[in-house]
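User: I would like to go through this structure and ask, for each label, what it rests on. Please set the values against the definitions as we go.

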Amino acid sequence: TIGYVGMIDEDELSTLDKSNYIATSHIGKIGAEKAYEDLLHGKVGYQQVEVNVQGRVIRVIDRTPPVPGNNIYLTLNASLQNLAVQALEGKRGAVVAMDPIDGGVLAMVSSPGYDPNEFVNGIDSKTYNKYLSSVDIPLLNRALQGKYPPGSTIKPVLGLTALRRGVRLPDDETWCPGWYILKGTSLKKGDWKKQGHGHTNLRKAIAESCDVYFYALANEMGIDLIYESMSEFGFGKRTNIDIGGETSGLMPSRDWKRKTYNESWYPGETLNIGIGQGAILATPIQLAVATAVIANRGNVLRPRFFDHARAPLSEETIVSGEKEVLHSISISEENWERIIDAMHDVIHAPNGTARRVGADATYQFAGKSGTAQVFSLAEDEEYEADKLAKELHDHALFIAFAPVIDPKIVVSVIIENGGGGSANAAPIARLLFDDYF
């Protein structure tokens, strides 16, 4: 997150104001060190002198003192950051926490990490090759660059779209026997709950994560509407976080498939997208931003780490970070309430998929768990984790915000090959919420 400074290379030297870097050989390389290099660097001093024929200084004619760099203060909450590091120890994954009102990032951790100090004066080839060849990919900032199927965490967004566009009414029900058959085909998609959920409306479908409801809903919506609505919430786009270095993920569409594979889009693919599987890929920071949209009811925020900068001697605040709304999504208050109530049920209702994580909480929060497959199963195959290599286990995901009324914090969690989201990712969010409050 903070990044590091390193030796100035030839490419950087060609674009720098050389006179201002004559007194240093280092520059910010990644993270906040790079993004705020101009504020941190300061200005070089100089003096004009008169010398004699031997080169000795006789007098100083003019002198401009150096100006030290400013002190940068970030939005990070040190307690939350440390707790997230501890929670991810020994795991591959990422945690992002942010303020849903002003976009300030409260914590961002990618695990496993590395020691940035090794890069400052040039890392040795043995250590660098060790990082490059590691199966844990420690140099990857998973929070900004990790691309994962979002699984059921996208169901609240799809539900909002269905209500907003009139595809479904709140009490419209889908019969869930434990499977869904695409009309006019032999394609059969199973639900995670083999015996099915029975008659299921939208609130129940989110609270109990009914796949059959969302297969049917995705089929009714179609990929074009899904693509349009998910893009509004930031999927498939960079969040424009102020420290940069992020990837855009992938929000598939007809055009994308035609350009990438020169193939048509099939209805079965739309069903997969309906439960956050298939070609769709999201980053943890995108999931946090999308969750913040629900928490603040419509504002897509640019996440930021910069809080303010102070002059090093006077401690005077020079510049402050500002909330930046990229765009707003217009949805009725009633529909925001319906989705938030359903996400509240995920945590606090008797049949909510993450009800255990909400037990004994002194505050009410809303969330959605997700479990994302990392490989495809045939329709007649069953997922048996104890018979699979660890790297084939499902990813565990969880998004949440707290409290439900007047939210102060949003969290997204991904544990690679962690299994069920409610059992393995949700407890980390609860730890952060407890610490924050």
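Analyst: Strands β3 (46-51) and β4 (57-64) each contribute at least two residues to the nonpolar patch, where strands (E, at least two residues) and helices (H or I, at least four residues) are DSSP runs numbered from the N terminus. This is a predicted model, in which local features need pLDDT of at least 70 and side-chain atom pairs count only at pLDDT 80 or more, while totals for chains, interfaces and linings use all residues. Residues are numbered from 1 along each chain as its sequence is written, and side-chain values use heavy atoms, with hydrogens and water left out.

User: Which residues make the nonpolar surface patch?

Analyst: Val49, Val51, Val57 and Val60 make a nonpolar surface patch of about 300 Å². Patch residues must have over 30% relative accessible area and no salt bridge, with nonpolar side chains (Val, Leu, Ile, Met, Phe, Trp, Tyr) joined within 5 Å and like charges within 9 Å; a salt bridge is a side-chain nitrogen of Lys or Arg within 4 Å of a carboxyl oxygen of Asp or Glu. The areas come from the Shrake-Rupley method with a 1.4 Å probe, and for residues only the protein chains shown count as cover.

User: Why is Val51 called partly exposed?

Analyst: Val51, which is found in strand β3, has a relative accessible area of 42%. Buried means under 20% and exposed over 50%, with partly exposed in between (1.4 Å probe, protein chains only), so Val51 is partly exposed.

User: What makes Asp211 count as buried, and what does Asp211 touch?

Analyst: Asp211 has its place in helix α9, and its relative accessibility is 9%, so Asp211 counts as buried. Leaving aside residues up to four places away in sequence, Asp211 touches Ser152, Lys155, Gly190, Asp191, Trp192 and Ile275, a contact being heavy atoms within 4.5 Å.

User: How do you know that Cys176 is in no disulfide?

Analyst: A disulfide is a pair of cysteine sulfur atoms within 2.5 Å, and by this rule the count comes to zero. For Cys176 the nearest cysteine sulfur is that of Cys210, 3.7 Å away, and for Cys210 it is likewise that of Cys176. Cys176 is buried, with a relative accessible area of 1%, and Cys210, at 1% relative accessibility, also counts as buried.

User: Which residues touch the most other members of the largest nonpolar core?

Analyst: Phe233 and Phe235 do, out of the 106 residues in that core, a nonpolar core being a set of buried Ala, Val, Leu, Ile, Met, Phe, Trp, Tyr and Cys residues joined through side-chain atoms within 4.5 Å. Helix α9 (residues 211-232) gives the most to this core, with twelve residues. Among the residues that Phe233 touches beyond four places in sequence are Val157, Leu160, Ala290 and Trp336.

User: Where is Val167, and why is Val167 called partly exposed?

Analyst: Val167 lies in the loop between α7 (155-164) and β8 (174-176), and with a relative accessible area of 24% Val167 is therefore partly exposed. Not counting residues up to four places away in sequence, Val167 touches Ala162, Leu217, Glu220, Met221 and Leu225.

User: How many helices and strands does the protein chain have, and what share of its residues is buried?

Analyst: The protein chain comes to 15 helices and 18 strands, and buried residues make up 48% of its 437 residues. Of its contacts with a separation of 6 or more, 67% come from residues 24 or more positions apart.
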